[in-house]
Number of protein chains: 2
Amino acid sequence: MSLRHALLALLEAGPMTGYELAKQFDQSADRVWHAPHPQIYTELRKLEGEELVAADEQPRGTKAVKRAYRLTPAGEGELRRWVSEVEAPAAVRDAVYLKATYFEYAEPDVVRRQFELHRAHHQEQLQRWERHVAQLRAHETELLQRRLAHAPEADHEAIVAYKVHVYQGMAERARTEIAWAERGLELVKKLSG
Amino acid sequence: MSLRHALLALLEAGPMTGYELAKQFDQSADRVWHAPHPQIYTELRKLEGEELVAADEQPRGTKAVKRAYRLTPAGEGELRRWVSEVEAPAAVRDAVYLKATYFEYAEPDVVRRQFELHRAHHQEQLQRWERHVAQLRAHETELLQRRLAHAPEADHEAIVAYKVHVYQGMAERARTEIAWAERGLELVKKLSG
């Protein structure tokens with residue numbers, strides 16, 4: 001049920017069309033809560049049905065209309081209720097770690113490729129998180145600018161600081177995975193050499 | 001689709017009843033791939049239907065029978081095929097991190113409780129992983145003993161080493177989360193103080 005709250009949080013920055021919302025989602029919440037676009041549109045229709053968001057029709061060019069979604073007071077309330085509810089720790093479901101538990105069945109070359117892929121993926125993620133932290137600190141993301149534009153000055157520090165804390169945490173996670181993959185590569189070398 | 005492979009891998013240690021399998025799952029694979037018992041039984045029936053496992057009826061006491069599941073050669077083949085296929089990195093879906101991105105909406109006390117719960121959970125997990133690593137190294141888990149009993153001597157080092165590597169990795173992850181929660185607690189103190 002986290003997707004709906006991510007969408008409500010995005011709309012807190014200001015009204016957006018479904019297309020804009022999906023685009024903003026990809027550049028922010030998707031990094032900690034992945035969801036494909038069709039799922040976003042489905043959830044948005046549900047939120048509209050429950051009157052947590054409302055759509056305003058706006059002209060697009062001279063002939064078409066576009067629907068811009070905005071948070072309703074009920075949606076704003078639901079967002080605050082969710083944030084104020086302490087989240088239970090999630091169960092682990094990690095296919096790479098599960099598979100690695102049985103790596104004795106695999107050829108050393110497969111094991112090596114798995115650890116190399118893991119390292120490369122998390123190196124890429126690490127760069128992404130570090131770039132995002134730098135952008136947040138410089139108030140460079142569009143979403144953050146929109147949010148800060150209508151938030152009380154007194155809240156600005158917290159708005160930026162919690163986001164930075166999350167993405168620094170993601171960077172630390174990536175470093176932990178890179179180190180795990182590197183120890184894995186040493187292990188396969190030792191076992192097969 | 002990882003659950004079925006975890007079940008095949010467990011049965012590689014030797015035949016088990018559904019009950020034993022669920023119990024062994026809880027003590028091993030569940031820690032990296034969580035699944036509730038009803039899901040395990042459903043998957044087991046599917047595996048039997050696909051002839052990847054077979055059931056032998058054995059007497060239970062004088063009146064009842066129990067069904068012991070064993071890996072078929074096709075199941076053994078499927079297990080090896082899965083282990084030999086490099087696993088793509090999974091997308092992140094982390095409700096705690098997602099929520100933390102919007103902690104400016106929450107009262108400091110809620111934020112504090114969230115980080116405290118996160119720290120306590122991962123401290124508990126850390127102890128669990130460290131205990132499991134020690135048990136694996138001492139060949140103290142029943143599952144490992146069963147597996148080693150019929151595995152070639154030459155494979156014993158790898159069988160233990162990969163499992164130790166996975167659970168050490170889980171321990172490192174827990175340490176990363178504990179550190180994140182502690183930095184979070186410092187942050188909420190700074191912002192609210």
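I began with polar contacts across the interface of domain 1 and domain 2 of chain A, and the rule finds 8 residue pairs, both partners at pLDDT 80 or more. I note that the model is predicted.

I then checked which elements of domain 1 of chain A carry the side that touches domain 2 of chain A. Helix H1 (2–12) and helix H2 (18–27) of chain A each supply at least two residues of that side. I sorted the residues of this side by class and got 7 nonpolar, 4 polar and 3 charged.

Next I looked up salt bridges. The rule finds 1 across the interface of domain 1 of chain A and domain 2 of chain A. I also have a salt bridge between the side chains of A:Glu12 and A:Arg147, with an N to O distance of 3.1 Å.

I went back to the domain bounds. The assignment for chain A places domain 1 at 2–83 and domain 2 at 95–192. I read a separation of 26 Å between the C-alpha centres of domain 1 and domain 2 of chain A.

For residue contacts, I listed 14 residues of domain 1 of chain A against 11 residues of domain 2 of chain A.

My last entry is on buried area. Between domain 1 and domain 2 of chain A, about 1,100 Å² is buried, and carbon and sulfur atoms give 47% of this area. Which three residues supply more than any others of the area that domain 1 of chain A buries against domain 2 of chain A? I found A:Ala13, A:Gln24 and A:Arg31, which supply 51% of the area buried by domain 1 of chain A there.

How values were computed: Residues numbered from 1 in each chain as written. Chains lettered and ligands numbered in written order. Predicted model: local features only at pLDDT ≥ 70, side-chain atom pairs only at ≥ 80, totals over all residues. Heavy atoms only, no water. Domains from an automatic or database assignment. Contact = heavy atoms within 4.5 Å. Buried area = accessible area lost by both parts, 1.4 Å probe. Salt bridge = Lys/Arg side-chain N within 4 Å of Asp/Glu carboxyl O. Polar contact = N/O pair within 3.5 Å; in protein donor to acceptor, adjacent residues only side chain to side chain. Helix = DSSP H or I, 4+ residues; strand = E, 2+ residues; numbered from the N terminus. Nonpolar A, V, L, I, M, F, W, Y, C, P; charged D, E, K, R; others polar.
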